[in-house]
Amino acid sequence: MKRKLTVASAVFAASVVLGFAAPASFAQNKPAEKPIINPAPTAKDWADIGKLPDWSGVWNPNISDQDRKHRSEPPPWNAKAAAVIAFQAKELKEGRPTPLFTNCLPEAHPSWMLVSHNAMEILFTPGRVTMLGESDAGRLRRIYTDGRKHPPDVDPTFHGHSIGHWEGDTLVVDTVGIHPQVYIATHEAFGIPNQGNMRVIERIRLAKPDELHFTIKIIAPNVLTKEYETTRTWFRQRARKFDLVEGVCQEGWFAPRIDKDGWHIWAPQPHDVGGNRIPPP
Amino acid sequence: MKSSIKKAVLLSAMAGLTSGAYPVAAHHATTMFDHAKVVTVTGTVKEVHWTNPHVGIYVEVAQDGQAPALWVLEMTSPGNLVRSGGWTRTSVKPGDKVVVDMSPLRDGKKGGALKKITLTDTGKFLTADIRAQERANLEQEAPAK
Amino acid sequence: MRNIRREVLALLGLSLMPGVALAQVAKPAAGKPVINPPPTAKEWADLAKLPDWTGVWTHVRSDQDRQMKTNPPPWNEKAAKVIEWQYAEERAGRPPPLFQNCLPEAMPAWMLVTHNAMEIIFSPGRVTMLGESDSARLRRIYTDGRGHSEDPDPTFHGESIGKWEGDTLHVDTIAMHPQNYIAISEAQGIPNGGDMHIKEKMFLQKPEVWADELTITAPKVLTKPWVTTRIYYRQRLRRLDIVEGTCLEGYFRPAVDKDGYPVWEKISHDPYGNRTPPK
């Protein structure tokens, strides 16, 4: 990773190994560093997952606890952000909750972890922990546990670039590269765009056999006066009838209809600004 | 036929794309509903949208001397309803006669957040409280408080 | 409004009713609920004995095109006419926008016509497929021995049951939305109309070539089952790792509001899904 190769032949060599022909554009796109190949997992890699804490099943959030933390552990907002939060409180009280999450973009990190009202599952594979959220498939975190570092120039995304490592039974996750638009939210109607340069460090562990605790530290110098740390709790379900189900946020914008020729189509479904279906006139 | 599918395809394509259609249902706070009030309506279910992010139920409410009016009830996600209220996709079906308790929209439109729906024929009822799932192993009886 | 009983029950706690409801309604109907057992160490170790499908799988566009030309679906008459019209539209520069609303390509169209990579995740009792570009491309295939549910909820990707026979994963999928397209390209496709059933054989054709042989039965639009195969190439180069994809992100642009906060600002698109130039 550190050694710099100047020749495109490294790429070519890699492509030969991989068994595909390098297109012309590929060869021109010469990387500064030696290409890294993700190794195929070994039998030991798979067997070793059996030694990790068991996080299988479905996890649903403790929403009452979210509400409590929203009141008892407010983030150390800077003055500018605090003024917005005060406005949002007033709006909520007057029945006009600020529609932070009504455009079907992901709640994103860390808001998903902080305010989600929906269940998730966590999949372990060699070198990766993958979190999949219900209700909207845009809730998807890929946490690399294969020892890699953050890339020097991360493409910003909704969930950022996450690397994790195990400290005993605790998974420690470090995330950077999150879009500056992504909210730090403590409630569905209270949140501030993080403004960039945010870093989130989580310590995730089973506090009880069927309770997963996320201790979340948020470093967001553009909106917080100091680091903010808070904890969220999720409950395990193993009953098959509570298995995670497919969720596509966009589906709520459409209604199933049959057109005059008998074709099944998705017809647009109007909604109001708050995100509710509009009753037909 | 051809023009119809074309129209349908274009229509559905444009639904998402014209900016006016973009504020949409998602994961939102619910104080646009007045949770201090309960409005009860009696009617017949017309449609059930068993969808994410929120399930919607359309109920045709007949009122004395007036044309029947359609009410729209908003709820939480299908997964949450299954875990917190014992719902299935077919718990409430088009044609069912129902009594609905809701927190009404503050703006007075015919809609609300569903609190409880009772099937008139059987007396069975379902609720939609997202917080009724806050423990592990929900299939087991809740421990006595 | 006379028939509407309007009651003001300011003090009615939300917590009162759910408990009652749970006791009356949410109780298991009959028998014991099925519990998914926690995976054992052996189950984890056994995953290593399965064929190795790790890495990133990229679609093969030219092969998709070949299939479209040489192995078209046995459309019924009504569907064939629409397909003919869709070809004419495409030739005229108006490709029918089948996938422009950020709903999932769904089954089977995702497997048939996707232009994006995917990854396949093995866990005890599950195979999970995640598609790039839009995270709603997500298939959960249960390999824990369960059968199909009695009355599965229809979804974009259906209910999938998988079973390993040697090195081939056999997947049986039902309960897909009738709106899901059977598509042969991004501009040619027909809503399946319901009662669709898909059987797949997934296997490594070569060490780095993954194949999905689909048998699609769709009595509302096909005259007989359609068998077609798609292939994907493996990539292990780290810089080609799968990246986050949110279809809707393309309908917004990053902007800064008057107070200096970064926000997502809606942008306009034409009916074909292309951004429209500002006026």
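Me: Into which domains is chain C divided, and where do their bounds lie?
Reply: This is a predicted model, in which local features need pLDDT of at least 70, side-chain atom pairs count only at pLDDT 80 or more, and totals for chains, interfaces and linings use all residues. Residues are numbered from 1 along each chain as its sequence is written, while chains are lettered from A and ligands numbered from 1 in the order in which they are written. The bounds come from an automatic or database domain assignment. Chain C is divided into domain 1 (56–240) and domain 2 (246–279).

Me: How many residues does the contact take from domain 1 of chain C and from domain 2 of chain C?
Reply: The C-alpha centres of the two domains of chain C are 30 Å apart. Two residues are in contact if their C-beta atoms, placed from the backbone, lie within 7 Å. The contact takes eight residues from domain 1 of chain C and, from domain 2 of chain C, six.

Me: Which residue of β12(C) is the bridge partner of Trp57(C)?
Reply: Strands here are DSSP runs (E, at least two residues) and helices are DSSP runs (H or I, at least four), numbered from the N terminus. Two strands pair if DSSP finds at least two bridges between them. Strand β2 (residues 56–59) of chain C pairs with strand β12 (residues 226–235) of chain C in the antiparallel sense over four bridges. In β12(C), Trp57(C) has as its bridge partner Arg234(C).

Me: Which residue of β12(C) is the bridge partner of Asp212(C)?
Reply: Strand β11 (residues 209–217) of chain C also pairs with β12(C), in the antiparallel sense and over eight bridges. The bridge partner of Asp212(C) in β12(C) is Arg230(C).

Me: Which element gives the largest share of the side of chain A that touches chain B?
Reply: The contact takes 58 residues from chain A and 49 residues from chain B. On the side of chain A, the elements that give two or more residues are α4 (63–72), β11 (228–237), β12 (254–258) and β13 (264–268) of chain A. The largest share, four residues, comes from β13(A).

Me: What percentage of the 145 residues in chain B is buried?
Reply: Chain B has two helices and six strands, in the order α-β-β-β-α-β-β-β from the N terminus on. A residue is buried if 20 or more other C-beta atoms, placed from the backbone, lie within 10 Å of its own. Of the 145 residues in chain B, the buried share is 52%.

Conventions
Buried ≥ 20, exposed ≤ 12 C-beta atoms within 10 Å, placed from the backbone.
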